[in-house]
Amino acid sequence: DRRFCPVEGSDLFWDPKSPGQVSLWQSTILLNQTFFEEIIRRPVPVDMNVLRALAKSRSPLALDIYQWLTYRMSYLSNPTSIQWENLGPQFGGDYGRTRDFKARFLRHLKHVLELYPQARVEPSSSGLKLLPSRPHVPMRLLRGRR
């Protein structure tokens, strides 16, 4: 059993109850070197306006779903189905029953898809089907900044 921790340390100065409030101090996160090198080699941009909107809804699951979808859509080339039983552990939390996870996931997925309508996702009783879609933020915008 090999555990991976992407964050080695942090100093966070923000209030989750007021995500838009400016802090007097700058927050910092120290990333694991392997994780840092991976995100530099294969960056996937996200829309900060979407992250802010989801933060205001106070749903960590919605934030996770958006970032997960953005990442998956950045490299997905074939339709991919994921069973609910296999999807649940990717989002942590102890939901107890798969149907509890599914109901909560679908509720937050609906909100995410309102903000990321390009993501082609088909929920079913057995799982979630991801269809190749455009990334939410075009990769060419990121490449142009280098």
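**Exercise 1. Describe the chain as a whole: its surface, its burial and its secondary structure.**

The chain exposes about 10500 Å², of which carbon and sulfur atoms supply 52%, with accessible areas taken from the Shrake-Rupley method with a 1.4 Å probe, and with only the protein chains shown counting as cover for residues. The model is a predicted one, in which local features need pLDDT of at least 70 and side-chain atom pairs count only at pLDDT 80 or more, while totals for chains, interfaces and linings use all residues. Residues are numbered from 1 along each chain as its sequence is written, and side-chain values use heavy atoms, with hydrogens and water left out.

Of the 146 residues in the chain, 27% are buried, where buried means under 20% relative accessible area, exposed means over 50%, and partly exposed lies in between (1.4 Å probe, protein chains only). The secondary structure comes to six helices and five strands, which are DSSP runs numbered from the N terminus (helices H or I, at least four residues; strands E, at least two). Read along the sequence, these elements follow the pattern β-β-α-α-α-β-α-α-β-β-α. Among contacts (heavy atoms within 4.5 Å) between residues at least 6 apart in sequence, 57% join residues at least 24 apart.

**Exercise 2. Work out the strand order of the three-stranded sheet, and then place the helices that pack on it.**

Step one concerns the order: the open sheet of three strands runs β3-β5-β4 with antiparallel pairing, two strands being paired if DSSP finds at least two bridges between them. The edges are taken by β3 (80-83) and β4 (120-123), each of which has a single partner strand, so one side of each is left without a neighbour in the sheet. Neighbouring strands of this sheet are turned by 20° against each other on average, direction ignored.

Step two takes the pairings in turn. β4 and β5 pair in the antiparallel sense over four bridges, and they form a hairpin with three residues between them; in this pairing Pro123 stands opposite Leu128 in β5. Four bridges likewise join β3 to β5, again antiparallel, and the bridge partner of Gln83 in β5 is Gly127.

Helix α3 lies across β3, β4 and β5, running at about 45° to β5, where axes are lines fitted to C-alpha atoms, for helices over the stretch in contact, and angles run from 0 to 180 degrees between N-to-C directions. Helix α5 (residues 98-115) also packs on the sheet, touching β4 and β5, and its direction makes about 155° with that of β4.

**Exercise 3. Classify the ring pairs Trp68–Phe91 and Trp84–Phe105, and say which parts of the chain they link.**

The count comes to nine aromatic pairs under the rule that rings of Phe, Tyr and Trp (its six-membered ring) pair if their centres lie within 6.5 Å, planes under 30 degrees apart counting as stacked, over 60 as edge-to-face and the rest as tilted. The rings of Trp68 and Phe91 have centres 5.4 Å apart and planes at 75°, so this pair is edge-to-face. The pair links distant parts of the chain, since Trp68 belongs to helix α3 and Phe91 to the loop between α4 (84-87) and α5, 23 residues apart; both Trp68 and Phe91 are buried.

For Trp84 and Phe105 the ring centres are 5.7 Å apart and the planes stand at 70°, so this pair is edge-to-face. Here helix α4 supplies Trp84 and helix α5 supplies Phe105, 21 residues apart, and both residues are buried. Ring pairs link Trp68, Trp84, Phe91, Phe101 and Phe105 into a cluster.

**Exercise 4. Is Ser133 buried or exposed, and which atoms does its side chain reach?**

Ser133 sits in the loop between β5 (127-131) and α6 (139-143), and with a relative accessible area of 11% Ser133 is buried. A polar atom of its side chain lies 2.8 Å from the backbone nitrogen of Arg120, and the side chain of Ser133 also reaches the backbone oxygen of Leu131 at 2.8 Å. Leaving aside neighbours within four places in sequence, Ser133 is in contact with Met73, Gln118, Ala119 and Arg120.

Definitions and conventions. A polar contact is a pair of N or O atoms within 3.5 Å; within protein, one must be able to donate a hydrogen and the other to accept it, and residues adjacent in sequence count only if both atoms are side-chain atoms.
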